[in-house]
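Trainee: I would like to learn how to read helix packing and aromatic pairs in a model. Please take me through one.

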Amino acid sequence: RIKELAGNPYVINYLMFTLAAQGTLILHGNRKGYSMLHYTALAGSLGGETLIFAKSSSELVKNAIMKGEFDELRNIIPIMAIIMTIVTALTQLHVLNTGLAKFEALVVIPVYQSFYNAFAITGGLIFFQEYRAMSKKDTTMYSIGLMITLVGVNMLVQQRRKSVLPSHVE
């Protein structure tokens, strides 16, 4: 079943979107200098991907052990899911730790957690095709919740920038 889910065009589009977003963050950070938002958005998106890969890997291993379905483990997709779980988890930890070393944890952690939740939930909806069971009301409420999260992150970052600036700038 994981092979079918991984081949879904929505999943491929979602992965391409996340890779493009991550690539853009890295390129922008390399050119303009990395900000707290670069580190938190990159670590959060990697964390969301890690969760999808880990869930897929654990389901494959569980089915192999519990049901004796070892044939699925001989395919490239399960092997890639396990490798990507490790790679994204280690990269996420490195990026998050670098951000924490450079910026205040009181700002980094909430912003990171917001990106993590947005990418993990959206990725789960798409990868496991949970969007199919969503009503229009569910979709609307999810979209509103996602927007509130992003607006809240923006407000937190903007408030933090204001508090860092000197109060008597002329």
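Mentor: Start with the elements: helices (H or I, at least four residues) and strands (E, at least two) are DSSP runs, numbered from the N terminus. Here the protein has 6 helices and 0 strands. Its pattern along the sequence is α-α-α-α-α-α. This is a predicted model, where local features need pLDDT of at least 70, side-chain atom pairs count only at pLDDT 80 or more, and totals for chains, interfaces and linings use all residues. Residues are numbered from 1 along each chain as its sequence is written, and side-chain values use heavy atoms, with hydrogens and water left out.

Trainee: What box do the C-alpha atoms fill?

Mentor: Roughly 70 × 40 × 25 Å, taken along the principal axes. Buried means under 20% relative accessible area, exposed over 50%, partly exposed in between (1.4 Å probe, protein chains only). Buried residues are 33% of the 170 residues in the protein.

Trainee: How do I read a helix pair?

Mentor: Two packed helices are described by the angle between their axes and the distance between the axes. Axes are lines fitted to C-alpha atoms, for helices over the stretch in contact, and angles run from 0 to 180 degrees between N-to-C directions. Take helix α2 (residues 9-32) and helix α3 (residues 36-67): their axes come within 10 Å and cross at roughly 155°. That makes α2 roughly antiparallel to α3. The cut-offs are under 35 degrees for roughly parallel, over 145 for roughly antiparallel and 65 to 115 for roughly perpendicular, with the rest oblique.

Trainee: Which hand does the crossing of α2 and α3 have?

Mentor: α2 passes α3 in a left-handed crossing. A crossing is left-handed if the near helix is turned anticlockwise from the far one by less than a right angle, and right-handed if clockwise. Contact means heavy atoms within 4.5 Å. On the α2 side, the contact is made by Thr18, Gln22, Leu25, Ile26, His28 and Gly29. The α3 side supplies His38, Ala41, Leu42, Ser45, Leu46 and Glu49. By class, this contact of α2 with α3 has 5 nonpolar, 6 polar and 1 charged residues. Ala, Val, Leu, Ile, Met, Phe, Trp, Tyr, Cys and Pro count as nonpolar, Asp, Glu, Lys and Arg as charged, and the others, Gly among them, as polar.

Trainee: At what angle do α4 and α5 cross?

Mentor: At roughly 150°, with axes that come within 9 Å. That makes α4 roughly antiparallel to α5. Their crossing is right-handed. Gln92, Leu96, Gly99 and Leu100 in α4 meet Ala105, Val108, Ile109, Tyr112 and Tyr116 in α5. By class, the contact of α4 with α5 has 7 nonpolar, 2 polar and no charged residues.

Trainee: And aromatic pairs?

Mentor: A pair of aromatic rings is described by the distance of the centres and the angle of the planes. Rings of Phe, Tyr and Trp (its six-membered ring) pair if their centres lie within 6.5 Å; planes under 30 degrees apart count as stacked, over 60 as edge-to-face and the rest as tilted. The count here is 5 aromatic pairs. Tyrosine 39 and phenylalanine 103 form a tilted one, 6.1 Å centre to centre with 50° between the planes. Tyrosine 39 lies in helix α3 and phenylalanine 103 in the loop between α4 (76-102) and α5 (105-127), so the pair ties together parts 64 residues apart in sequence.

Trainee: Is tyrosine 39 buried or exposed?

Mentor: Tyrosine 39 is buried, with a relative accessible area of 9%. Phenylalanine 103 is partly exposed, at 27%. Tyr34, Tyr39 and Phe103 form one aromatic cluster.
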